[in-house]
Amino acid sequence: MASFFGFAKKKKLNESEAASEEKGIIGRYYENEFPVIVKFVDEIPNDSIIKKSPVLTVISWKYEGETNNGMPPHEINEKMIDLEEAIENIKSSFKKYQHAYSRTGNNLKELVYYSASQDDFMASLNKTLTKHERYPIEIDFYEDPEWREFKKLIEDFKKD
């Protein structure tokens with residue numbers, strides 16, 4: 001599996017730039033001269049959680065953001081927040097997946113999770129989104145039993 005990250009200029013945002021959760025990081029890097037904001041918890045889960053969640057799940061939402069420095073327009077961003085909140089609600093009742101990171105910028109929003117299986121994740125997601133409007137998303141699944149992609153993200157931000 002190829003890495004999702006091609007960080008050039010990356011930077012952890014200071015507290016005045018971003019309010020983060022405990023142990024969380026909100027960082028920035030540039031891709032094609034557009035800023036990309038990444039949010040993740042700077043902690044690798046214990047081995048038990050990693051073993052239970054070997055499937056990297058990437059939810060991608062492409063949008064037109066050229067007139068907004070690569071960021072989503074307000075209306076689209078509101079819908080993205082609705083989607084992300086719905087997925088977080090699944091997490092509170094369905095313990096078979098873990099949030100890895102989210103990224104927004106350069107005309108792409110990605111919500112990335114590790115899950116027990118593709119089938120379990122999709123069943124929970126479809127059930128949760130039954131009353132939502134259809135989102136213009138793509139979902140890809142990759143085998144990543146060692147969480148290499150997430151570990152690479154953490155290492156890339158520690159290099160600063």
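Biologist: Are Y97 and Y113 buried or exposed?

Modeller: In this predicted model, both Y97 and Y113 are buried. The term requires a relative accessible area under 20%.

Biologist: What makes F40 a buried residue?

Modeller: The cut-off for burial is under 20%. F40 has a relative accessibility of 2%, so F40 counts as buried.

Biologist: Why is F150 called buried?

Modeller: Its relative accessibility is 3%, and therefore F150 falls under the 20% limit and counts as buried.

Biologist: Why is the pair of F40 and F150 called edge-to-face?

Modeller: Two values must be set against the definition. Ring centres have to lie within 6.5 Å, and planes over 60 degrees apart count as edge-to-face. The centres of F40 and F150 are 6.5 Å apart and their planes stand at 90 degrees, so the pair is edge-to-face. This pair links distant parts of the chain, with F40 in strand β3 and F150 in helix α4, 110 residues apart.

Biologist: What makes the pair of Y97 and Y113 edge-to-face?

Modeller: The ring centres of Y97 and Y113 are 5.2 Å apart and the planes meet at 85 degrees; the angle is over 60 degrees, so this pair is edge-to-face. Y97 belongs to strand β5 and Y113 to strand β6, and the two are 16 residues apart.

Biologist: How many aromatic pairs does the structure hold, and which residues form one aromatic cluster with F40?

Modeller: The structure holds 9 aromatic pairs. F40 forms one aromatic cluster with Y114, W147, F150 and F157.

Biologist: What surrounds F150, leaving aside its neighbours within four places in sequence?

Modeller: F150 is in contact with F40, V41, E43, I44, P45, A100 and Y114.

Biologist: Which residues have the most contacts inside the largest nonpolar core?

Modeller: They are V38, F40, Y101, F150 and L153, in a core of 17 residues. Two or more residues of this core come from each of β2 (24–31), β3 (34–41), β4 (55–62), β5 (97–105), β6 (108–115) and α4 (148–158). Helix α4 gives the largest share, 4 residues. Another core, of 15 residues, lies apart from it and includes I59, W61, Y63 and I87.

Biologist: What makes β4 a largely enclosed strand?

Modeller: Of its 8 residues, 7 are buried, so β4 is largely enclosed by the rest of the structure.

Biologist: How do you know that β4 pairs with β6 and with β7?

Modeller: A pair of strands needs at least two bridges. β4 and β6 are joined by 8 bridges and run antiparallel, while β4 and β7 are joined by 7 bridges and also run antiparallel. Both counts therefore meet the requirement. As examples, T57 stands opposite Y113 in β6, and S60 has E138 as its bridge partner in β7.

Biologist: How do you know that the buried residues of helix α3 share one side?

Modeller: Helix α3 (residues 118–128) has F121, S124 and L125 as its buried residues. They cover an arc of only 100 degrees around the axis, which puts them on the same side of α3. An α-helix has 3.6 residues a turn, so residues three or four places apart point the same way. On the other side of α3, D119 and K127 are exposed, a term that requires over 50% relative accessible area.

Biologist: Is the phi of N106 positive or negative, and where does N106 lie?

Modeller: N106 has a positive phi of about 55 degrees, although N106 is not a glycine. N106 lies in the loop between β5 and β6.

Biologist: Why does N106 count as buried?

Modeller: Its relative accessibility is 13%, which is under 20%, so N106 counts as buried. Not counting residues up to four places away in sequence, N106 touches E31, N32, F34, P35, V36, Y63 and G70.

Biologist: Why is W147 called buried?

Modeller: The relative accessible area of W147 is 1%; this value is under 20%, and therefore W147 is buried. W147 sits in the loop between β7 (137–143) and α4. W147 also has a positive phi, about 60 degrees, although W147 is not a glycine.

Biologist: What do the totals give for the protein as a whole?

Modeller: Buried residues make up 44% of the 160 residues. The accessible surface comes to about 9300 Å², and 47% of it belongs to carbon and sulfur atoms. Among contacts between residues at least 6 apart in sequence, 69% join residues at least 24 apart. The protein has 4 helices and 7 strands.

How values were computed: Residues are numbered from 1 along each chain as its sequence is written. This is a predicted model: local features need pLDDT of at least 70, side-chain atom pairs count only at pLDDT 80 or more; totals for chains, interfaces and linings use all residues. Side-chain values use heavy atoms; hydrogens and water are left out. A nonpolar core is a set of buried Ala, Val, Leu, Ile, Met, Phe, Trp, Tyr and Cys residues joined through side-chain atoms within 4.5 Å. Buried means under 20% relative accessible area, exposed over 50%, partly exposed in between (1.4 Å probe, protein chains only). Contact means heavy atoms within 4.5 Å. Accessible areas come from the Shrake-Rupley method with a 1.4 Å probe; for residues, only the protein chains shown count as cover. Rings of Phe, Tyr and Trp (its six-membered ring) pair if their centres lie within 6.5 Å; planes under 30 degrees apart count as stacked, over 60 as edge-to-face and the rest as tilted. The arc is that of the directions from the helix axis to the C-beta atoms.
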